[in-house]
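Subject: Structure handover

Hello,

Here is the structure I promised to pass on. Please open it first, then read my notes below.

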Amino acid sequence: AAKVRGDPPRRVKVSRTVFDHVIRQGKAVLSADATADARFGSSRSVDEAQIRTLMCVPLKDHRRQPVGILQLDTRDHQSRFTPEDLDVLTAVAGQIGVAVDNARLLDAAAQEQRRLALLAEAGAALASALDLEAISAAVAGLVVPRLADLCLVDLLEEDGSVRRIAAVHVDPGKQGLVDQLRLRHPLESDGSSPVLQVLRPVRP
């Protein structure tokens, strides 16, 4: 997120030098003149952003590890931030860090729930399948659209060739094209296909 006071430029430029420094040190920064600051003075991004006085605080997760930054800067030499300003920003950053961390933890929990639900459904669907076509249809139906836009199921034959037994696209309007490609362009046997690069050494 970024917000600019007054007439904003067409594109807000962020200094990677400042970001990297705060993340690496894990400490708040107050700089009266960033262009003359030994930590940032040689940064082209600071010059391009026209930063003069700045204060920046790391956002930390529940392990106290920096996961982002909260930065305020101004181009006005006369409106310099004070240590008291930095104290306020540090308090705000603490609340933001908690909120970001909670959101990430909730997202991770939701992803784990979706993973477990998918595994449970896969087990039930595959247990009821009796042939290859049914198995491939069950797999494709579970994966698309939950995890991907396209699912391909390829089978390694005893003679070393590969046969595509299923190809399902999330967009029904593109399914015909997927089927045509499946029939018109069989897998090459020279090993250049990504599918063969997975199957021959048997690795993901």
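Does R64 count as buried or exposed? At 57% relative accessibility, R64 counts as exposed. Buried means under 20% relative accessible area, exposed means over 50%, and partly exposed is in between (1.4 Å probe, protein chains only).

Before the rest, how to read the values. This is a predicted model, so local features need pLDDT of at least 70 and side-chain atom pairs count only at pLDDT 80 or more, while totals for chains, interfaces and linings use all residues. Residues are numbered from 1 along each chain as its sequence is written, and side-chain values use heavy atoms, with hydrogens and water left out.

The whole chain

The protein chain has six helices and five strands. From the N terminus, the order is α-β-α-β-β-α-α-β-β-α-α. Helices (H or I, at least four residues) and strands (E, at least two) are DSSP runs, numbered from the N terminus. Of the 204 residues in the chain, 25% are buried. The chain exposes about 14000 Å². Carbon and sulfur atoms supply 55% of that area. Accessible areas come from the Shrake-Rupley method with a 1.4 Å probe; for residues, only the protein chains shown count as cover.

Now look at contacts, meaning heavy atoms within 4.5 Å. Take those between residues at least 6 apart in sequence: 43% join residues at least 24 apart.

Helix α1

Helix α1 spans residues 16-25, and its buried residues are V18, H21 and V22. They cover an arc of only 90° around the axis, which puts them on the same side of α1. The arc is that of the directions from the helix axis to the C-beta atoms. An α-helix has 3.6 residues a turn, so residues three or four places apart point the same way. On the other side of α1, R16 and R24 are exposed. G26 follows the helix, with a positive phi near 70°.

Two strands pair if DSSP finds at least two bridges between them. Strand β2 (53-60) is joined to β3 (residues 66-74) by eight bridges, and the two run antiparallel. L54 stands opposite D73 in β3. Five residues lie between the strands of this hairpin. R64 sits in that loop between β2 and β3. Its phi is near 70°, a positive value in a residue other than glycine.

V153 stands opposite A166 in β5. Again there are five residues between the strands, and G160 takes a positive phi near 95°.

L54, in strand β2, is buried, with a relative accessible area of 0%. Leaving out residues up to four places away in sequence, L54 touches V18, V29, L30, S31, A34, L72, D73 and F81. V18 is one of the buried residues of α1. The C-alpha atoms of L54 and A34 are 6.8 Å apart, with the two residues 20 apart along the chain.

T74, in strand β3, counts as buried at 9% relative accessibility. Beyond four places in sequence, its contacts are R5, I51, R52, T53, S79 and F81.

L118, in helix α3, counts as buried at 15% relative accessibility. Which residues does L118 touch, not counting those up to four places away in sequence? They are L142, R146 and L147. L118 and R146 are 28 residues apart along the chain, and their C-alpha atoms are separated by 8.8 Å.

A cis peptide bond

V144 and P145 are joined by a cis peptide bond, with omega about 5°. P145 lies in the loop between α4 (132-143) and β4.

The second largest pocket

This pocket holds about 200 Å³ of space. Of its 15 lining residues, the closest to its centre are P58, K60, R64, A93 and G94. Helix α3 (83-127) and strand β2 each supply at least two lining residues. α3 gives the most, with seven. On a 1 Å grid over the protein atoms alone, a pocket is an open set of points where a 1.4 Å probe fits, with protein on both sides within 12 Å along at least five of seven lines; lining residues have an atom within 4 Å of a point. Grid points are joined across faces, edges and corners, and a volume is the space filled by probe spheres set on the points.

Best wishes
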